[in-house]
Amino acid sequence: MKICNPIDDMRAASRAARQAGKRLGFVPTMGALHEGHLSLVRAAKAKCDVVAVSIFVNPLQFGPSEDLAKYPRTFERDRELLETEAVDILFAPAPEEMYPAGAVTYVTVEGLSEKLCGRSRPGHFRGVSTVVAKLFHIVEPDAAFFGQKDAAQATIIRRMVRDLNLPVEIVVCPIVREPDGLAMSSRNAYLNPQERTSALVLNRSLTETKNRFAQGERNVANLIDAGKQVLAQEPTVRLDYFEIVNPATLDPLPVLTNSALVAVAAFVGNTRLIDNILLPEPM
């Protein structure tokens, strides 16, 4: 595995892959890798000849009171995991190179970035779209792989790619869950044993909504109420939002007629977790 730190090294590795006629797949991460990330790596390897993974804890997507300083950084363990998966290129740039002193240029996807997590984390999605645009510009992948757990992020990146005519295919892969149903997340490491148990209520709330849908319920307000009632059974969990939206626009749906994204965000202790499902579930 080739490790690239300076941007010029990554560009040279990408150029060499293209000159060799190879299809380049890319998995952007913030490190603290888990099985969810590794599932993206395997999807990339199945579809591409060369796979690059980035590890970069992006300061631009953290608010002033969020967990940038304590976000888990496990580079050596991550490197070993990626070597085991036979990743070809690891790109780990320095923040000062990604964001030169005095940088004032951002990428904002208007009309989407203020929804779901963007409402409670102002500026978050601007940080995400800016760093992903920069990474795409540096790596120049043919395809980039993202997880369905960050569903709003995937929608925003798809729109950015379309609007900016970026020549990259966006591939969104299924959520990977722990055996008990908890969606895998680097932030799960923050949870103590009691909080870890409490966190299961997020998936239970989505499952209740899915069951009501399977029973024929199509009224969105009723489906949301069903999910919220489950969440209310866990008093230590503080709800941020529980919404049913159009997966392409992130706009709330008045009634279910086609596909819908059911998304939840909640605080378990001091840790903010997200989860979601699609209705109807993909075959």
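Which residues are linked with R42 in a network of salt bridges? E35 and E85 are joined with R42 in that network, where a salt bridge is a side-chain nitrogen of Lys or Arg within 4 Å of a carboxyl oxygen of Asp or Glu. The structure is a predicted model, in which local features need pLDDT of at least 70 and side-chain atom pairs count only at pLDDT 80 or more, while totals for chains, interfaces and linings use all residues. Residues are numbered from 1 along each chain as its sequence is written, and side-chain values use heavy atoms, with hydrogens and water left out.

**Overall architecture**

- The protein chain contains ten helices and nine strands; helices (H or I, at least four residues) and strands (E, at least two) are DSSP runs, numbered from the N terminus.
- The radius of gyration of the protein chain is 19 Å, which agrees with the value near 19 Å for a compact globule of 283 residues. This radius is taken over C-alpha atoms, and the globule rule is 2.2 Å times the number of residues to the power 0.38.
- Along the principal axes, the C-alpha atoms of the protein chain fill a box of roughly 55 × 40 × 40 Å.
- Of the 283 residues in the protein chain, 52% are buried. Buried means under 20% relative accessible area, exposed means over 50%, and partly exposed lies in between (1.4 Å probe, protein chains only).

**Salt bridges**

- Side chains of opposite charge can pair when their charged atoms come close.
- A search of the whole structure finds 18 salt bridges.
- One of the salt bridges joins the side chains of E234 and R204, at 3.9 Å from N to O. E234 lies in the loop between helix 10 (220-232) and strand 7 (237-245), and R204 lies in helix 9 (residues 200-214), so the pair ties together parts that are 30 residues apart in sequence. E234 counts as buried at 19% relative accessibility, whereas R204 counts as partly exposed at 39%.
- The side chains of D240 and R272 also meet in a salt bridge, at 3.0 Å from N to O. This pair links distant parts of the chain, with D240 in strand 7 and R272 in strand 9 (residues 271-279), 32 residues apart. D240 is partly exposed, with a relative accessible area of 25%, while R272 counts as buried at 16% relative accessibility.
- Another salt bridge brings together the side chains of E208 and R212, at 2.8 Å from N to O. Both residues lie in helix 9, four residues apart, about one turn of the helix. E208 counts as partly exposed at 23% relative accessibility, and R212 counts as partly exposed at 32%.

**Surface patches**

- Patches are made of residues with over 30% relative accessible area and no salt bridge; like charges are joined within 9 Å, and nonpolar side chains (Val, Leu, Ile, Met, Phe, Trp, Tyr) within 5 Å. Accessible areas come from the Shrake-Rupley method with a 1.4 Å probe, and for residues only the protein chains shown count as cover.
- D8, D9, E96 and E97 gather in a patch of negative charge on the surface. Helix 1 (7-19) and helix 4 (95-98) are the elements that give two or more residues to this negative patch. Lys and Arg count as positive and Asp and Glu as negative, with His and the chain ends not counted; the place of a charge is taken as NZ of Lys, CZ of Arg, CG of Asp or CD of Glu.
- E96, found in helix 4, is exposed, with a relative accessible area of 60%.
- M1, I3 and F75 form a nonpolar patch on the surface, with about 220 Å² of accessible area together. F75 lies in helix 3 (residues 75-84) and is partly exposed, with a relative accessible area of 32%.

**Backbone features**

- A cis peptide bond, with omega of about -10°, joins L279 and P280. P280 is placed in the segment after strand 9.
- L116 has a positive phi of about 50° although it is not a glycine. L116 is located in the loop between helix 4 and helix 5 (117-120) and counts as buried at 2% relative accessibility.
- N165, which is not a glycine, has a positive phi of about 55°. N165 is located in the loop between helix 7 (151-163) and strand 6 (169-173) and is exposed, with a relative accessible area of 65%.
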